[in-house]
Each structure stands twice: as C-alpha cells, then as structure tokens.
Amino acid sequence: MLVLLKMLQSLFKTLHSEGSPGQVAAGFVLGAGMGLTPILAAHNLVLFAALVLLNVSFAGGMLGLASFTPLAFIFDPLFDRIGAALLRSQALQGAWTDWYNVPLVPYTGFNNTVTLGSFAAWLVLAVPIYFAARRGIVYYRATWGARVMASRWMKGLKASKAYNVYNWFRPE
Amino acid sequence: MSARFKVFRWRAIGPLLFFFAVFIVLWILFADGIARRQSEDALSDLLGTQVDIRHLRIREADAAVDIGGLAIADPRDSTRNLIEAEDLTFDLDPVALAEKKIVIDRVSLLGLGVLTRRETPARRVSADGPTAQLIRQTDEWARDKFTFPSLALGRLDSLKQLVLNPEHLGTVKAVTAVVGRLDSLAGSARRTLDQIAAGTLVDSATALADRLAVLDPRKTSPLEIKNLVEGADHLRRRLDGAGKELAAVQKTVTAVSDGLTQSLAEVNAARERDYAFARGLLKLPDLNAPQFGAGLFGPVSLASFQRALVYAQVAQRYVPPGLQPWNRPGPKRARLAGSDVEFPRERAYPRFLLRQGEVSLGAGEQDAHAFQASFGGITSQPALYGKPATLSASGKLGGREVPLGIQLGVYSLHAGGPSKDSMTLRLTDIELPAIEVEGVPFTLTPGRGTVGFAFAMSGERIAGTWTLAAPSVRWAADTSRVHGETSAEGLLWRVLRGLTDLKVRADLGGTLASPTLAVRSNLDDAVAGSLRAMLGEELEKAEAKAREAVDQLVGPQVAALRGQYDTFMADLAKRVPLEQGQLDAADKRLAKEVKRLTTGALGGIQIPKL
C-alpha cells in the first residue's frame with residue numbers, strides 16, 4: 001500500500017512541480033529504457049545510475065518504468081524478432097564476434113534476442129518518447145493540473161505522506 | 001535571473017552508493033543460494049534427472065566455487081544415485097570469467113560414491129526438458145526397433161482351447177494378394193495372345209502356301225506372280241511381327257513369374273509366421289537357445305545401451321561441431337526468454353572448458369579408497385579447443401563390505417569430421433540389481449558380479465557390448481503363478497533354480513535407423529536343452545497341432561493358389577512355344593514356295609544373246 005501511495009505521490013509530483021517538463025521527460029525516457037528491456041541486465045545499472053546522477057526527474061523515471069514494463073511483455077515477440085534479425089545480420093557478424101569476446105561485455109546480455117531487440121527499439125523510440133512526454137506534461141499542467149491539485153482526494157494523498165525518499169532525487 | 005542549470009545531481013551519490021552497498025549485501029546473502037538453485041536446475045535439464053547440491057559457495061576473491069553434497073540421480077531408477085560427490089572445488093580462470101566464460105583450471109574432489117541408494121526417490125524432471133525429450137525419444141526408438149521373444153509360458157494342455165480366426169492369419173492376406181496378381185497377369189497374357197491370333201495367321205499362311213504350291217511359274221503371268229509374291233511378303237512380315245510379340249509375352253511372363261515365385265515364398269513365410277502365431281496362442285515355449293538370452297536379458301542390456309545413447313546424443317546436442325554462431329534458449333524469466341546467440345572466435349576461450357582435472361582418493365580415506373581419475377578437454381565448443389574430451393578412471397571405492405572396482409574410459413571428439421563418442425566401463429564386485437524376467441514369474445538376483453560395457457557412436461553408426469558375469473546368482477519364483485511341476489513354468493523353474501553361474505553378452509550394432517542386438521547367455525543352451533528333454537515330445541505334438549490348425553484354414557487356399565499358378569505357367573509353357581513353332585513353320589514354307597515361284601519364273605525368261 002505504501003509503495004502504491006508513493007507511486008501516486010511521485011506521479012502527481014512529477015506532473016506538477018518536480019522539475020521542468022524537459023527534466024521529467026528525460027527521466028521518463030531513461031525509465032522507459034529500463035521498462036522496455038529485461039530488468040536484470042547490466043545496461044540497466046547504467047541507466048539507473050544515469051537516472052540517479054543526472055539532473056533529471058527520478059520520479060519521471062519511475063513513471064516511465066511503470067508505464068513501459070507492461071508494454072514490454074506485449075511486444076516481447078516483436079523484440080525477439082528484431083534482436084534475432086540484428087544478431088543474424090551478416091553485416092554485423094564481425095562486430096558481434098568482437099564484442100562477444102571483449103571482457104565484461106557479454107554480461108550485458110546483448111547476444112540475447114529479446115534484450116538486444118528491446119534495447120534497439122528503445123534507442124529508436126527514445127527521441128519520440130522524450131518529445132511526446134514533454135508535450136504531454138506541458139499540456140497536463142496547463143489544463144488538468146490545477147483542478148487535480150485542488151481535489152479532495154489529492155489533499156488526502158498529500159496528507160498520507162510518511163516518508164519520501166524521492167526528495168533526495170528531486171530535480172534542482 | 002534563474003540559477004545555472006546543473007547536469008549532475010551530486011547529492012545523489014550517497015544514496016547511489018547506499019544502493020550498491022545494499023546490492024552487495026544482498027549478493028553476499030543470496031548469491032550462493034541462487035547459484036545453487038540455478039546449477040541444480042541447469043544440471044537437471046542437461047542430464048534429464050534430479051541433481052541435488054547441498055551447498056554451493058562462490059569464493060570471489062579466489063575465483064573458485066565449492067560444491068558440497070552433489071548427487072546425480074539415476075534417470076531410470078529413482079531410488080539410487082548414479083554419482084555422489086561429497087566436496088568438489090573448481091578453480092576458475094578469472095580472465096575467462098571476465099568474458100562470461102567458464103574455464104576450470106583444476107578440480108578437486110573428496111568423497112565419491114557410485115550407484116548409491118537415495119534416501120528419498122528422485123522426482124521426475126520436466127518432461128519438456130531437452131534431455132527428458134531425448135530419453136523419451138530413445139525409449140520410443142527402442143520400442144520401435146527391438147522386440148524380444150516373450151517367455152510367457154502356459155500349460156501345455158491349453159492346446160485344446162486353440163481357436164484361430166482366419167482374419168488374423170497373414171497367409172490368408174498373402175494368398176489373396178498373390179491370387180489377385182496372378183489373375184491380372186493371366187488375363188493380360190491371354191488377351192495379348194488372343195490379339196496376336198497366331199492360329200489365324202498360320203492358317204492364312206498355309207492357305208497361301210498351298211495356293212503357291214500348285215502354281216506352275218511358266219504358265220503363270222508375271223503380274224500374277226508379282227501380286228502373289230507381294231502378298232506372301234506381307235504375310236511373312238506379319239508372321240515375323242507375331243513371333244516378336246510372342247517372344248515379348250514370354251519375356252514379360254518370365255519376369256513376372258519370378259515375382260510370383262517370390263510372392264509364393266512370401267506366402268510360405270507368412271504361413272511360418274502363422275504357425276508361430278498359433279504357437280504363441282498356445283503359449284508354447286520356444287526351444288531355440290538364442291531366444292532365451294534375448295528374452296531373459298534383452299531388455300536389461302538394451303536399457304544400458306539406451307542410457308549411453310542418450311548421453312551421446314546429449315553430447316552431440318550441447319557440443320556441436322564447427323564454429324558457426326548457434327543459439328541456445330535465453331535465461332528463464334517472467335518475460336520472453338528469447339535466444340542467446342553465441343559468437344565464438346578461433347583461438348579464444350570456449351564458453352565452457354574443463355582444461356584438466358585429476359581426482360585422487362588415497363588409501364585410508366573412507367576405509368579403502370584407491371581411486372584415480374583424470375579428465376580434460378571437456379568443452380562446449382570443441383572446434384575452439386581442437387582436442388578430444390577424455391576421461392579415464394580406475395581404482396577401488398571402499399566404504400562397503402567389498403570395494404567396488406571401476407575402470408572407466410570416455411572419449412569424445414566433436415571436431416574435424418563426424419562426431420565420435422565412445423565409452424568403456426568395467427565394474428567389478430558390484431552388487432547387481434535384481435532382474436525381473438518379463439512374462440514369467442521369476443526374479444533373478446545376480447548378487448555380486450562384474451559388468452562390462454562399451455558403447456561407441458560415430459555419426460549414425462552405433463556399436464556396443466554389454467557383458468555380465470555373476471558366479472552365484474539366485475533365482476526366486478512367484479509360487480502362486482507357477483502352476484505345478486508339470487506346467488511349463490514349473491519345468492523351467494526346475495531348470496533355472498539349479499543354475500548359479502551366469503554369463504551374458506549382448507552385442508549392439510548397425511545404425512540408428514537399423515540397429516541390431518544379439519544377446520547370448522550361458523543359460524541359453526542349458527535351459528533350451530533341459531526344456532527340450534522334458535518337453536520335447538509334448539511340444540512336438542503341440543506344435544504339430546498348431547500347424548494343423550493353421551493348415552486347415554489356409555491349406556486349401558494355398559493349394560488352390562499353387563494349382564492356379566502351375567496351370568497358368570504350364571499353359572504358357574505349352575502355348576507360346578507351340579504357336580512360335582507354327583509361325584516359324586508357316587514362314588519357312590511360304591519362303592520356300594515364293595523362292596520356287598520366282599526362280600521358275602526367271603528360268604522361263606529368254607535372255608537375248610549379246
């Protein structure tokens with residue numbers, strides 16, 4: 001329950017005041033990367049570190065993660081095909097073979113069809129996701145934001161705050 | 001004026017470090033357990049049987065893994081383990097580990113058990129696992145390719161109850177098929193002969209020859225002679241054509257009659273099978289000596305070959321030749337696993353390599369160990385390693401009344417040509433499991449003995465030998481199913497209980513598609529001879545009655561077929577040469593008359609003098 005409340009808190013903080021739309025959208029893109037690709041992969045450590053260390057919205061990242069994880073399950077067969085096509089591409093065989101034999105690189109799991117396919121899909125979609133998210137946040141804040149913040153259940157939600165670790169990661 | 005935008009959030013470093021610290025603590029707490037469970041699952045999938053690991057410890061600083069209490073269950077006997085290892089230590093190559101490759105530099109082992117009893121029966125591994133599928137396919141292969149004679153014995157007086165259904169007899173079907181072919185051939189041959197109409201042609205030729213014979217060439221006009229000669233030539237061409245057609249008919253019939261002769265032989269073979277079928281209904285024992293070896297020890301020897309075949313196929317599946325990229329299923333997870341594609345490179349580490357290992361269990365350990373094993377070149381990518389995988393072990397394992405003697409050799413070459421896998425194993429002083437003999441109520445307890453086993457697979461070709469020698473076997477009978485001393489079981493029991501020395505040899509050969517298995521034992525002749533002495537006369541009578549029962553049903557049909565065949569062949573044998581002879585005679589006569597007529601006509605012509 002606490003986790004759910006915190007998610008909702010982060011969602012609304014994200015949408016309302018925590019950082020500029022660009023910062024929220026950038027965090028959202030990084031979270032989307034973690035959501036689209038299998039979570040237990042080495043590259044997600046890099047994405048997570050970037051989300052924490054870069055001055056982007058951490059809550060936006062969590063929102064991106066939560067939004068894209070269900071989509072990833074739906075699109076896994078497509079990712080599998082994309083990854084298989086890339087890994088079997090004759091033009092890329094040399095590059096894959098080099099990477100496969102470089103220390104630590106195999107731990108990224110790039111030679112897995114779903115991991116590579118989903119990562120490639122995220123790379124392609126990152127820029128459209130960024131602009132779509134930024135536009136959506138701007139639109140929300142201009143139209144629905146004030147009403148939602150003034151609503152009774154939003155006040156209740158704010159009052160339920162017990163602990164907010166996200167403050168550590170609030171965009172400056 | 002707005003503050004300068006900062007790219008980095010430096011204050012988050014603390015929480016990030018805290019996060020990694022938590023990750024390290026979780027790793028320390030749970031990594032060993034996760035690795036142990038994953039190792040158990042992976043090995044169970046690979047070997048198609050339950051694999052237990054009591055504890056597993058990853059020593060990151062030493063690049064080593066300690067495994068304790070490894071137990072690999074026997075996939076065909078859930079109550080025992082094939083191998084138990086008390087403590088295993090693997091020293092890994094850290095450089096290869098950085099490339100996510102497992103290269104084991106050294107293995108040390110303490111405490112080894114072979115074919116030990118399990119405290120709890122092994123659970124069945126997933127039927128969808130690749131090795132479980134291979135085991136299932138091998139079982140189907142064995143069922144499909146091998147049948148062993150049943151030793152099911154019944155009372156000899158059950159002959160009275162023999163009732164045969166003609167529909168179950170192969171002879172009836174074979175006769176029907178041959179009769180159909182024979183009818184078709186006879187009809188076709190007769191139609192062809194009728195179309196040739198040799199008799200009509202001969203009549204015409206004879207009539208023309210008679211007419212020519214009465215003509216005087218000097219009194220006949222040249223024009224008439226010319227017309228008659230042309231008519232005779234035309235008729236001779238028809239005679240010649242008819243002769244050729246007759247020869248063709250003869251040739252066809254000869255070829256088909258060879259097939260019919262073969263079919264008749266098949267009818268006879270079907271009749272022999274029907275005799276065997278009738279004998280089977282009577283449950284009469286087969287007194288041919290090799291039948292006993294195959295019936296008694298065929299299934300148990302085949303089970304050993306099946307096991308070796310499964311592991312050879314597992315090796316061929318997981319250790320493919322060549323360097324081409326190849327796929328294996330991705331990691332198990334909530335999301336789609338996908339496939340892991342490997343990109344091996346020459347002169348690089350294979351994904352898995354056990355460079356060299358030695359196991360030495362010195363005397364005094366567990367009372368009487370004197371065992372040494374060495375192995376090397378065990379790799380998932382032999383094309384990279386280029387050498388065969390070998391394993392050799394010999395010695396004695398103590399911890400029991402009499403130490404178990406082991407000699408083992410394994411050779412596997414999956415590089416530079418067709419895959420070759422072979423193994424030899426010799427176990428001495430091994431407590432052999434009881435053997436239930438199918439079809440008869442007897443159990444054989446071999447006691448302590450020696451088992452020899454050799455198996456080789458190269459491409460599609462397989463070869464193997466399984467031997468068993470036990471000097472003091474015991475036989476047990478289910479007395480409730482032995483119907484008195486005069487029954488076949490009773491008589492067989494009287495023979496078997498006196499036989500205590502057992503020697504069995506099974507030889508496997510051929511290809512996977514067409515394998516052969518010959519099983520012989522020293523019991524064969526003894527059992528066959530004793531039974532023949534005791535049952536011979538009765539069996540002969542019973543067999544004669546079984547043959548009679550079959551003959552009553554199929555005898556008339558076979559006789560009719562034989563008669564029909566003989567008639568047809570005799571008819572052809574008589575008619576074709578006769579007509580051929582008539583055609584020849586008519587042709588010769590016509591030729592003679594034509595010559596006489598044309599010579600006479602020329603003789604009358606006045607040739608002017610020059």
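In this predicted model, helix H4 (residues 58-88) of chain A packs against helix H6 (residues 113-143) of chain A, with an angle of about 100° between them and their axes 6 Å apart. Angles of 65 to 115 degrees count as roughly perpendicular, so H4(A) and H6(A) are roughly perpendicular to each other.

The residues that H4(A) brings to this contact include A:Ala72, A:Asp76, A:Phe79 and A:Leu87. On the side of H6(A), they include A:Thr113, A:Val114, A:Leu116 and A:Ala121. The residues of this contact divide into ten nonpolar, five polar and three charged.

Chain A also meets chain B. Here 22 residues of chain B are in contact with 29 residues of chain A. On the chain B side, helix H1 (13-47) and strand S6 (339-342) are the elements that give two or more residues. S6(B) gives the most, with four residues. The chain B side divides into ten nonpolar, three polar and nine charged residues.

Two residues of chain B can be considered for their backbone angles. Most residues other than glycine have a negative phi. B:Lys100, however, has a positive phi, near 60°. B:Lys100 sits in the loop between helix H2 (94-98) and strand S4 (102-117) of chain B, and counts as partly exposed because it has 17 C-beta neighbours inside 10 Å. B:Ala197 is not a glycine either, and its phi is positive at about 50°. Its place is the loop between helix H4 (170-196) and helix H5 (198-213) of chain B. With 14 other C-beta atoms within 10 Å, B:Ala197 is partly exposed.

Key:
Residues numbered from 1 in each chain as written. Chains lettered and ligands numbered in written order. Predicted model: local features only at pLDDT ≥ 70, side-chain atom pairs only at ≥ 80, totals over all residues. Axes fitted to C-alpha atoms, helices over the stretch in contact; angles between N-to-C directions. Parallel < 35°, antiparallel > 145°, perpendicular 65-115°, else oblique. Contact = placed C-beta atoms within 7 Å. Nonpolar A, V, L, I, M, F, W, Y, C, P; charged D, E, K, R; others polar. Buried ≥ 20, exposed ≤ 12 C-beta atoms within 10 Å, placed from the backbone.
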